[in-house]
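Trainee: I am new to this structure. Please show me how to read its features, one by one.

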Amino acid sequence: MSAENKADYLARVSIVIKNISKPIRELYLGFRSNTIPVGYCILGIGFMQFLVYLEADFWIFERLNIAVIYPGRGHVSFVIYYLILILCPFWMWAIFRALIAERLTRRLTEVFRAIGLQNKLGSLPKLIVDVPLDTATRKLKLSRALLPLSEFQKAKPALESALHIFIDELREDRVKGTVEIIYSHSPMPQTYEVRSYESYHATEFIIGTTRAKIVRCDLTATPHLLVAGQTGGGKSTFLRHLIVSLYLSLKDALFTLIDLKGGLEFQLFENVKQVSVRGDIASAIGELKELDEVIIKRFALLKANKCKDIAEYQSKPKSERVGADGVPTDIALNRHIIVVDEAAELFLSNSLANPDDVRKAKEILSRVSRQGRSLGIHLIVATQRPDSRALDPQIKANLPGILSFQMANDTSSITVLGNGRATDLPPIPGRGIYKNSLEMVEVQTPYLLPQKADELLEPYRLEKPPAEKSIPPVENKAPAEPIADPNETPNFPKGDK
Ligand SMILES: Nc1ncnc2c1ncn2[C@@H]1O[C@H](COP(=O)(O)OP(=O)(O)OP(=O)(O)O)[C@@H](O)[C@H]1O
Ligand SMILES: [Mg+2]
């Protein structure tokens, strides 16, 4: 073989290997991301097996006049042929995906050229992989071609329009020199209403919806939550949904609602059983101080019962429960949800409240965020300002769930989420980014009309509302409404629950 022929031969072999490797790569990616339609493929395998059983494959070889190469049954070659044949559905899927990737590469090249996304040497970003993240969202990984992320960000609208996609996030991997585009083919829903508030797991509530799925938060896994975002983003609306949802699903839980913007947001929850609403700094601080005692008592109770957390205590037979003094008791430990709307008002309130009180309140909230999980005390903090002056960094660091609505600038978004995603959000009320230890997703949070919330809470309202129960004045430190001792079985069960 001449040197020229040899080179030609090698070039052909490399093309064949490249073409075979593409579907194999797609298969590998498909298995890794769990997106191969395994059910259909297994059906296909059954069908192929049936064809082999009927010897229909041999018949096809005969019709094509290639029966001589049909491997003899019983030979190793037949086993190999048989395996390739019956796995055909998987191969077909992989070849189909490889063809789509090929088309995408061509399309991307065209688009990058058309919108001028190329470096000064004329090189274009190259497709590395396009993989599904879930049923609706995909990740497009590109080599950067020395382009900074900001160039991709500038080109985002043009990319969306040229590729007919909706980009959720652009991020770079500096070490690998790649850019990842998280995208989808369908837009996010602009509003979302929860159909039924009665059908949820006790400790679970809905955070919102993505294009593909409902995102939920379970207090046993994510015990505390930070809700951040600039004015009008949807923080208080989300809190309304969250409180109603947990109130209806958590049996006998206690709620302390602190709204330091005058108490207006939580007016709806006044006179509701087991809910205590605080609309001024003084009474909010008074209530938080009481929590200190509650924490100590709960710890002692769990210790006496040798329980590591509230769930273990609740699952313990009532007859085996003992009080902190070791004497049998019927104490039912209930979850306690503390919601603070506009926390900055508390932390920046030195002019309105005694600085020592404010420091104490901060300490207690910080303690709840550190120790509340096992004690069943959960903290939900909403704030417009997530900076260290307006929100104690120690508290923030201990809130494992974060829901951020739109932020005015990257600095605030980075403070909350660690990246600029909250600044890139469209200005749609209720649109946010939810982050927990496992995922970071864009969500449309539920919209619960105040009237609907009112109707849902109606059966649980106190029969005789205290006369002239309104927002207490700043100097009124007396509790507006007694809340049940968390270490005692509440004596006013919620309606028919
Ligand atoms: N999930 C949602 N779906 C649809 N509309 C919403 C949603 N959340 C909020 N809105 C609309 O946006 C308005 C402002 O929302 P909200 O009062 O909750 O914002 P906020 O973040 O609490 O603002 P502020 O910081 O000023 O208190 C609401 O009155 C409502 O009309
Ligand atoms: Mg608000």
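Trainee: Which residue in S13 stands opposite Phe405?

Mentor: Start with the idea of pairing: two strands pair if DSSP finds at least two bridges between them. Strands (E, at least two residues) and helices (H or I, at least four) are DSSP runs, numbered from the N terminus. Here, Phe405 stands opposite Gly432 in S13. Strand S12 (residues 401-405) and S13 pair in the antiparallel sense over 4 bridges.

Trainee: What kind of model is this, and how are its parts numbered?

Mentor: This is a predicted model, in which local features need pLDDT of at least 70 and side-chain atom pairs count only at pLDDT 80 or more, while totals for chains, interfaces and linings use all residues. Residues are numbered from 1 along each chain as its sequence is written, and chains are lettered from A and ligands numbered from 1 in the order in which they are written.

Trainee: How many bridges join S13 to S14?

Mentor: The two strands run antiparallel, and 5 bridges join S13 to strand S14 (residues 440-444). Lys435 stands opposite Met440 in S14. S13 and S14 form a hairpin, with 4 residues between them.

Trainee: Are the faces of S13 covered or open?

Mentor: First, the general idea. In a regular strand the side chains alternate between the two faces of the sheet. Next, the count: a residue is buried if 20 or more other C-beta atoms lie within 10 Å of its own, exposed if 12 or fewer, and partly exposed in between, with C-beta atoms placed from the backbone. Now the case. Strand S13 (residues 431-435) has 5 of its 5 residues buried. Arg431, Ile433 and Lys435 lie on one side, Gly432 and Tyr434 on the other, and both faces are covered.

Trainee: In what order do the 4 strands of the open sheet stand?

Mentor: The order is S1-S2-S4-S3, with antiparallel pairing. S1 and strand S3 (166-173) stand at the edges, each with a single partner strand, so one side of each is left without a neighbour in the sheet. From one strand to the next, the twist averages 20 degrees.

Trainee: Which residues stand opposite each other in that sheet?

Mentor: Take the pairs in turn. Strand S1 (residues 126-132) and strand S2 (residues 137-143) pair over 6 bridges, and Leu127 stands opposite Leu142 in S2. S2 and strand S4 (residues 178-184) pair over 7 bridges, with Thr137 opposite Ser184 in S4. S3 and S4 also pair over 7 bridges, with Ile167 opposite Tyr183 in S4.

Trainee: At what angle do H9 and H12 cross?

Mentor: Axes are lines fitted to C-alpha atoms, for helices over the stretch in contact, and angles run from 0 to 180 degrees between N-to-C directions. The axes of helix H9 (residues 281-304) and helix H12 (residues 355-375) cross at roughly 35 degrees and come within 9 Å. By class, their contact has 11 nonpolar, 1 polar and 6 charged residues. Ala, Val, Leu, Ile, Met, Phe, Trp, Tyr, Cys and Pro count as nonpolar, Asp, Glu, Lys and Arg as charged, and the others, Gly among them, as polar.

Trainee: Which residues come nearest to ligand 1?

Mentor: A residue is near a molecule if its C-beta atom, placed from the backbone, lies within 6 Å of it. Of the 15 residues around ligand 1, Thr231, Gly234, Thr237, Pro429 and Gly430 come nearest. Helix H8 (residues 235-249) gives the most to this shell, with 3 residues. The shell divides into 3 nonpolar, 11 polar and 1 charged.
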